[in-house]
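Dear colleague,

Please find the structure below, handed over for your use.

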Amino acid sequence: TTVSLIKKRDAARILGVCPRTIDNLIKLGLPCIRLSRRAIRFYEADLLSWARSIGRDAPGQPRPETRA
């Protein structure tokens, strides 16, 4: 079985955020693989699992707004 690595742009699309947000999410624990200082890749399964762990059940969809 071959598993490919996903670029930041594609990870952002999967999670429904902009690519710059991915940098902030990495600081919050988003699993990634650093190939070099600037080259970062992701496993899709890790992205989806991480999204579920923070309560984002539908990656690629905006989070529902909560009302106080």
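**Surface leucine and its patch**

Leucine 35 counts as exposed because its relative accessibility is 52%, and the cut-off for that class is over 50%. Please bear in mind that the model is predicted. Leucine 35 lies in the loop that runs between β2 (33-34) and β3. Together with Val3, Leu5 and Tyr43, Leu35 makes up a nonpolar patch on the surface. The accessible area of these residues together is about 370 Å².

**Helix α3**

Which residues of helix α3 are buried? In this helix, which spans residues 44-53, they are Leu47, Trp50 and Ala51. They lie on the same side of α3, because the arc they cover around the axis is only 100°. Ala45 and Ser53, on the other side of α3, are exposed.

As to what the buried side meets, the buried residues of α3 pack against two helices and two strands, namely α1 (8-15), α2 (19-27), β1 (6-7) and β3 (40-42). Glycine 55 follows α3, and its phi is positive, near 85°.

**The salt bridge**

How many salt bridges does the structure hold? There is one. The partners are lysine 8 and aspartate 23, and their closest N and O atoms are 2.8 Å apart. This pair links distant parts of the chain, since lysine 8 belongs to helix α1 and aspartate 23 to helix α2, 15 residues apart. In general, side chains of opposite charge can pair when their charged atoms come close.

**Cysteines**

A disulfide is a covalent bond between the sulfur atoms of two cysteines. The structure holds zero disulfides.

With kind regards

Conventions:
Residues numbered from 1 in each chain as written. Predicted model: local features only at pLDDT ≥ 70, side-chain atom pairs only at ≥ 80, totals over all residues. Heavy atoms only, no water. Buried < 20%, exposed > 50% of the residue type's maximum accessible area, 1.4 Å probe, protein only. Helix = DSSP H or I, 4+ residues; strand = E, 2+ residues; numbered from the N terminus. Arc of directions from axis to C-beta. Contact = heavy atoms within 4.5 Å. Patch = residues over 30% accessible without salt bridge, like charges linked within 9 Å, V, L, I, M, F, W, Y side chains within 5 Å. Areas by Shrake-Rupley, 256 points an atom, 1.4 Å probe, with all protein chains shown as cover. Salt bridge = Lys/Arg side-chain N within 4 Å of Asp/Glu carboxyl O. Disulfide = S-S within 2.5 Å.
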